[in-house]
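Hi there,

Here is the structure I promised to pass on to you. Have a look first, and then read on for what turned up.

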Amino acid sequence: MQIGTYQEGIGMTPAPVIRWRGGPGAGKSSALIDYVRAEAGTGATIGDIVALTFSRSQAADLARRLHAAVFPAANVPAVRGLCTTIHACALRQCLAAGLIENPRVQVIQPGDRRAAPIYQDFMGRHGLAFDPAIGFEGDDDDQTRSDLPIGNQVIALAAYLTATRRPPAAWREAAAALGLSVPGHAWPIEDLLCAWATYKRDRAFYEHEDYVRLALDHDLPPPAPILFIDEYQDVSPAQDALIRQWISHPDTRRVYVAGDADQSIYGFRGCDPALFLDLAAEDRGATGPESRPVSHRCPVEIMAIAETILSRPATVSPCDRPGQVHHVRPTTAAGLAAQVEETIRYARTLPGNRQPVFILSRYRRAAGNLAHALAAAGIPCTSIKPSRVRFWTATRIGRDRGHLEPTTISPWTLKRAIAHALAGSDIDQIPTTEAEAVILSTLTDQRRAAALTDLRIRAKRGPIRLGDVYALVGARGDQIFDALNLRPWIVAQIRACLARERQRGYEITPDMVKIDTIHASKGLESSIVLLHTGYLRGRLPALADPDRLAEERRVYFVGATRAADALLLLDYGDGPTCPILAGVVA
Ligand SMILES: Nc1ncnc2c1ncn2[C@@H]1O[C@H](COP(=O)(O)OP(=O)(O)OP(=O)(O)O)[C@@H](O)[C@H]1O
């Protein structure tokens, strides 16, 4: 455990807790940053502080903001080290206490290829059908849950029950909350849940919820004396219990939490906004109906739509910047691409730091379809969660799916190299990374190895010139497309991107267009949000349940309020429209 020197005043009573409440853009994360600054101002060091949040992307965002605002002189890894997720922090504490020794081996999760044999061994012993490719990534999965093989259902039930601290006997409530139709008449579900817990315990394997429970059961100390917890509305009961345990721990000096019950969107994991609201704490921010902090993000036009979606007033009032709301309905990939280009053109007119455009959908499947449609039309994009949309930043070399090399190249770097080659002459310089991408994607075996060696020798002598690369790969100008040892759709994507770029006259980089689920965007913001209106047909009946409907309203509320300047409701694709969004924009 990393406890610094900032220890005076330690006692056995619970540490004081400050709770900052407020709607989207109210400045909750900023308030936490201010509290960190105040603590640092009175002597707390980086080692005295840990800032916890919900996802890795939020932790990275918080670290970036803390580095800029509070610890500009500290090195980036040190600031990153103090920002983490609650799960990662629990794991860290288990490692520090020696309860888990080798997380690479001991920490398992469904969907992880490395852990598949472990799950399959258990399923084999009990004769349960199981799909090792199905994970539990944290978003509300788009697979119709009732279609899950029985083995996957048992794993999902086990995780939910651990997160909600309920016994195996409560599996029926868990199944209802998860939307599973567990065939309890055909399988001894409670016995299977006990068997899975025993299997893991005997072999010292831990799923993510298990090590939170382990930290709790062993009464592990807090990671630092001053704790900051953002997005508290989405802690699970087990995480909440762990944090409460830390609040009562004698090493804890002060705790600051921030959240918004209207943004609680992880009910399918057992998260409950009531846990945030009933924490014994001193309230700041939106302390009652009369006190609604101003949103520094959302203008009145966007807040009005967001509150219609939520179906009640938010705990924040709009800022007085102008905003825009539209409903757009492109019918083709080219139309979608043109729409995205228009939003980027608009973003370029806005003052200050031009943030990426977010394209958010309720389900991963729709996000994937949108990303593929845009890629085919030549608009580069990436995802908010790392590795979901990689086809602009990393793709495996090879002309067909069955013969892909383990080596990857960046199609984006390659696109830049080709753009240079098409626009320039032999004597123009080309960055070594671009020259390498051309060599890797056109040559194979010894020719590739020889060309790379040659390139490195040249790079030591001076800048690489386009003519050098042409000579090494033996292809010039447009011929390069035929020489590319990549799948035809990647080649077509690069061609389309170059064509659009020539027409447009400027580059759109992949990180300017982020496509992901609403869940992945939680806690983040963007100047412009395209909120996809599509919904899964199979999930429509569940909206008859008032709790489910309320949670779905909160999900779309979160999506809409990521926008700072413009919100565009986006109809695209064949599926049904989410009834919550129908008619909210004229
Ligand atoms: N006092 C302030 N003055 C001006 N801008 C601010 C202030 N506080 C926060 N902001 C800006 O407003 C935006 C939203 O702030 P922040 O992320 O802290 O809000 P939040 O309440 O955590 O939002 P969410 O609930 O959506 O996660 C950020 O761009 C931030 O820089």
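Let's start with strand S10 (residues 357-361): five of its five residues are buried, so S10 is largely enclosed by the rest of the structure. Buried here means under 20% relative accessible area, exposed means over 50% and partly exposed is in between, with a 1.4 Å probe and protein chains only. Strands (E, at least two residues) and helices (H or I, at least four) are DSSP runs, numbered from the N terminus.

A note on the source: this is a predicted model, where local features need pLDDT of at least 70, side-chain atom pairs count only at pLDDT 80 or more, and totals for chains, interfaces and linings use all residues. Residues are numbered from 1 along each chain as its sequence is written, and side-chain values use heavy atoms, leaving out hydrogens and water.

In a regular strand the side chains alternate between the two faces of the sheet. From S10, Val357, Ile359 and Ser361 point one way, while Phe358 and Leu360 point the other way.

Which strands pair with S10? Strand S13 (residues 513-517) does so in the parallel sense over five bridges, and strand S14 (residues 526-532) runs parallel to S10 with four bridges; pairing takes at least two DSSP bridges. Ser361 stands opposite Thr517 in S13, and Leu360 opposite Leu531 in S14.

Now to helix H14 (residues 333-349), where Glu341 lies. Glu341 is buried, with a relative accessible area of 9%. Its side chain joins that of Arg500 in a polar contact of 2.9 Å.

Happy exploring!

Methods: A polar contact is a pair of N or O atoms within 3.5 Å; within protein, one must be able to donate a hydrogen and the other to accept it, and residues adjacent in sequence count only if both atoms are side-chain atoms.
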